[in-house]
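Here is a friendly walk through one protein model, from its pocket to its core and its aromatic rings. Keep the structure open beside you as you read.

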Amino acid sequence: MHFGKDVCLCQKNTLSLQQKCRIIMDVLYEFSTRQVEDVSLDFIRYAYSTVKWEGRMLGLVGPRGIGKTTLLLQYAKTRLPPKETLYVSMDLMYFATHTLTEVADRFNKRGGKHLLIDEIHKYPNWSRELKQIYDSYSDLHVIFTGSSILDIYRGSADLSRRAPIYHMQGLSFREYLRMFHQIDVPVYSLSDILEHRAKLPGVAHPLQYFHAYLRNGYYPFARDVDFNRELLQVVTQTLETDIPQYAQVHVSVGRKLKQLLAVVAQSVPFKPQMTTLANVTQINRNDVPDYLYYMERAGMILQLRDDTIGVRGMGKVEKVYIDNPNLMYALAEQTPEIGNIRETFFFNQMRVQNRVLASKASDFVIGDYTFEVGGHKKGKKQIDGIPGGYVVKDDIEYGYLNTVPLWAFGLNY
């Protein structure tokens with residue numbers, strides 16, 4: 001099997017070439033060791049306990065900046081033998097002239113067992129090479145991460161059932177409390193939240209933390225001085241590069257996607273009217289649903305569906321939201337509409353552990369429960385007579401009967 005010119009040469013009994021191969025691997029090992037040793041274990045994301053790390057090959061994907069690299073390095077530091085582990089990033093200049101299969105071959109021949117590959121989407125033909133590695137080295141454990149979610153999903157088709165893909169979300173309100181304020185809060189199930197068991201130990205007034213989270217708490221890099229600028233750069237990269245490349249369209253479509261995102265950001269939650277969207281953005285009407293779908297898969301928007309089954313195995317889209325409140329604040333020219341922020345937070349947080357659907361009578365349905373989301377003056381008219389109906393209120397600290405504080409739903413993961 002051919003793994004590239006350097007590998008074939010390294011197999012010859014030429015001392016200088018053998019030394020060259022050893023030097024290359026030593027440099028990669030040094031980089032790997034430094035990255036693993038430097039990672040902090042002070043805070044570990046929720047996904048650590050949900051990923052089945054022991055699989056022969058698996059992928060961890062999610063929007064840029066949510067902590068995938070850190071989680072991968074934390075796994076290596078806590079669970080893997082250093083001598084048998086190699087972490088590489090596809091950002092390394094080394095991969096401009098060398099292949100991933102070369103590294104896998106050299107690593108395996110030196111007794112390596114665990115190959116961790118970061119930012120795999122930046123490497124051409126990554127899925128084919130991963131398939132080749134999987135088929136050629138049965139004793140090699142491979143984990144890869146990727147930020148270009150659309151490209152990862154397309155490439156995963158080449159891997160068939162070889163590599164399950166885990167999708168990682170941003171910080172929950174619970175994780176934000178731990179990471180930014182060192183407040184430890186357990187995970188509460190939906191039933192715990194509805195039965196008013198969700199508490200913040202040592203916190204008498206949770207709203208001060210909650211409202212700060214809505215603005216700057218979903219992304220781990222929210223501490224950065226230029227957080228909003230960095231977040232907008234993530235948006236630009238996704239809309240102007242990731243989606244056009246995936247859809248194989250001209251880059252000018254990226255500007256139209258920005259217009260489309262702006263329409264959603266300024267709406268109160270947005271009921272998609274394809275003809276109107278097409279007229280505003282100059283996107284072909286027949287293409288609008290596809291672009292909304294791409295934006296959803298890329299972590300830019302959320303689409304709330306009903307319980308019917310459509311072409312993609314999903315229901316009809318009833319409302320469109322920006323993916324999370326932080327993104328809403330970054331995109332909005334003025335302060336976002338508060339009702340939109342509240343509904344976005346609820347949907348964003350609850351979708352991680354639950355299937356959230358549109359309600360015919362109210363805002364959301366999860367299983368046997370119906371939810372109406374609003375401010376502290378929100379009444380119960382929309383859920384009157386509905387078994388399992390709950391009012392979710394912002395600006396209240398504690399719940400009672402079938403009224404639950406909005407912040408409590410941020411403790412679900």
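## The largest pocket

The largest pocket has a volume of about 770 Å³. On a 1 Å grid over the protein atoms alone, a pocket is an open set of points where a 1.4 Å probe fits, with protein on both sides within 12 Å along at least five of seven lines; lining residues have an atom within 4 Å of a point. The volume is the space filled by probe spheres set on the points, which are joined across faces, edges and corners. This is a predicted model, in which local features need pLDDT of at least 70 and side-chain atom pairs count only at pLDDT 80 or more, while totals for chains, interfaces and linings use all residues. Residues are numbered from 1 along each chain as its sequence is written, and side-chain values use heavy atoms, with hydrogens and water left out.

Which residues lie nearest the centre of the largest pocket? They are His167, Gln169, Glu296, Leu302 and Arg351, out of 31 lining residues. The lining divides into 16 nonpolar, 8 polar and 7 charged residues (Ala, Val, Leu, Ile, Met, Phe, Trp, Tyr, Cys and Pro count as nonpolar, Asp, Glu, Lys and Arg as charged, the others, Gly among them, as polar). β5 (165-167), α13 and β6 (301-305) each supply at least two lining residues, and β6 gives the most, with 4 residues. Helices (H or I, at least four residues) and strands (E, at least two) are DSSP runs, numbered from the N terminus.

## Helix α13

Helix α13 (residues 288-297) is largely enclosed by the rest of the structure, because 7 of its 10 residues are buried (under 20% relative accessible area; exposed is over 50%, partly exposed in between, with a 1.4 Å probe and protein chains only). Among the buried ones are Tyr291, Met295 and Glu296. After α13 comes Gly299, with a positive phi near 85°.

## Core and aromatic rings

In the largest nonpolar core, of 102 residues, Phe173, Met295, Phe346, Phe364, Phe371 and Phe409 touch the most other members. Such a core is a set of buried Ala, Val, Leu, Ile, Met, Phe, Trp, Tyr and Cys residues joined through side-chain atoms within 4.5 Å.

The whole structure holds 31 aromatic pairs (Phe, Tyr or Trp rings, the six-membered one for Trp, with centres within 6.5 Å; planes under 30 degrees apart are stacked, over 60 edge-to-face, the rest tilted). Phe210 and Phe345 pair edge-to-face, at 4.8 Å centre to centre and 75° between the planes. Both Phe210 and Phe345 are buried.
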